[in-house]
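Good morning, everyone, and thank you for making the time.

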Amino acid sequence: MSDQVSGKSTKFGKVKITSNNMDHHSCAEEYSDEDVEVRFMPDILVTVHNSEVGVIRDVSDGMCKVSLGSGGEGDTIMVPSSELEIVRPRKSDHVKILGGSYLGLTCKLIGIDGLDAIVKIDGNLDVKILDLALLAKFVQP
């Protein structure tokens with residue numbers, strides 16, 4: 001089912017990168033210590049080639065269409081998912097949930113406690129505690 005699988009170490013720990021043709025969430029990272037899949041998806045801030053920041057605009061077949069710049073206002077390039085790293089969000093950032101039962105929801109990061117994130121889900125009053133590794137800074141399209 002997968003086209004490519006490789007090991008990669010990030011600031012979040014050892015991950016397995018899996019790319020497949022299943023849907024628009026096809027650039028995926030699976031954390032080896034947990035049973036939660038973390039996915040690259042549109043409208044999140046990433047670091048490209050360990051230097052420039054950009055915003056993912058589309059994900060397809062293991063490639064991510066990235067608009068350069070912190071707001072995605074720059075040139076658009078195609079980048080393999082293996083060359084992207086999620087920008088860790090900070091307190092008060094608007095974030096997108098990249099894995100687990102809340103996959104794809106946006107929320108506000110209201111606090112950080114070690115590796116835990118306290119978030120308020122957009123559109124309701126729910127406050128949740130999630131693994132910080134499941135969050136990426138959300139950039140409004």
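Before I come to the interior, let me say what I mean by a nonpolar core: it is a set of buried Ala, Val, Leu, Ile, Met, Phe, Trp, Tyr and Cys residues that are joined through side-chain atoms within 4.5 Å, and buried here means under 20% relative accessible area. Please also keep in mind throughout that this is a predicted model.

With that in hand, the largest nonpolar core has 17 residues, and those with the most contacts inside it are F40, I44, V46, I56, V66 and L84. Strands β5 (45-48), β6 (52-60), β7 and β9 each supply at least two residues of this core, and β7 is the strand that gives the most, with three residues.

Let me take two of those core residues in turn. V66, once we set aside residues up to four places away in sequence, touches V46, V48, G54, V55, I56, D75, T76, I77, V79 and L84. L84, for its part, is found in strand β9, which covers residues 84-86, and with a relative accessible area of 1% it counts as buried. Although L84 and I56 are 28 residues apart in sequence, their C-alpha atoms are 9.7 Å apart in space.

Staying with strand β7, which spans residues 63-68, we also find S67 there. Is S67 buried or exposed? S67 is buried, because its relative accessible area is 5%, which falls under the 20% cut-off. The side chain of S67 makes a polar contact with the side chain of T76, at 3.1 Å, and, leaving aside neighbours within four places in sequence, the residues in contact with S67 are G54, V55, R57, G72, G74, D75 and T76.

There is also a second, separate core of 10 residues, which includes I97, C107, A117 and I121.

That brings me to the sheet, where five strands form an open arrangement in the order β13-β12-β11-β10-β14, with antiparallel pairing. Since β13 (127-131) and β14 (135-137) stand at the edges, each has a single partner strand, and therefore one side of each is left without a neighbour in the sheet. From one strand to the next, the twist averages 45°. Within this sheet, strand β10 (residues 94-97) and strand β11 (residues 106-113) run antiparallel and are joined by three bridges; K96, for instance, has T106 in β11 as its bridge partner.

I am happy to take questions.

Terms used:
Residues numbered from 1 in each chain as written. Predicted model: local features only at pLDDT ≥ 70, side-chain atom pairs only at ≥ 80, totals over all residues. Heavy atoms only, no water. Pairing = 2+ DSSP bridges. Helix = DSSP H or I, 4+ residues; strand = E, 2+ residues; numbered from the N terminus. Axes fitted to C-alpha atoms, helices over the stretch in contact; angles between N-to-C directions. Buried < 20%, exposed > 50% of the residue type's maximum accessible area, 1.4 Å probe, protein only. Polar contact = N/O pair within 3.5 Å; in protein donor to acceptor, adjacent residues only side chain to side chain. Contact = heavy atoms within 4.5 Å.
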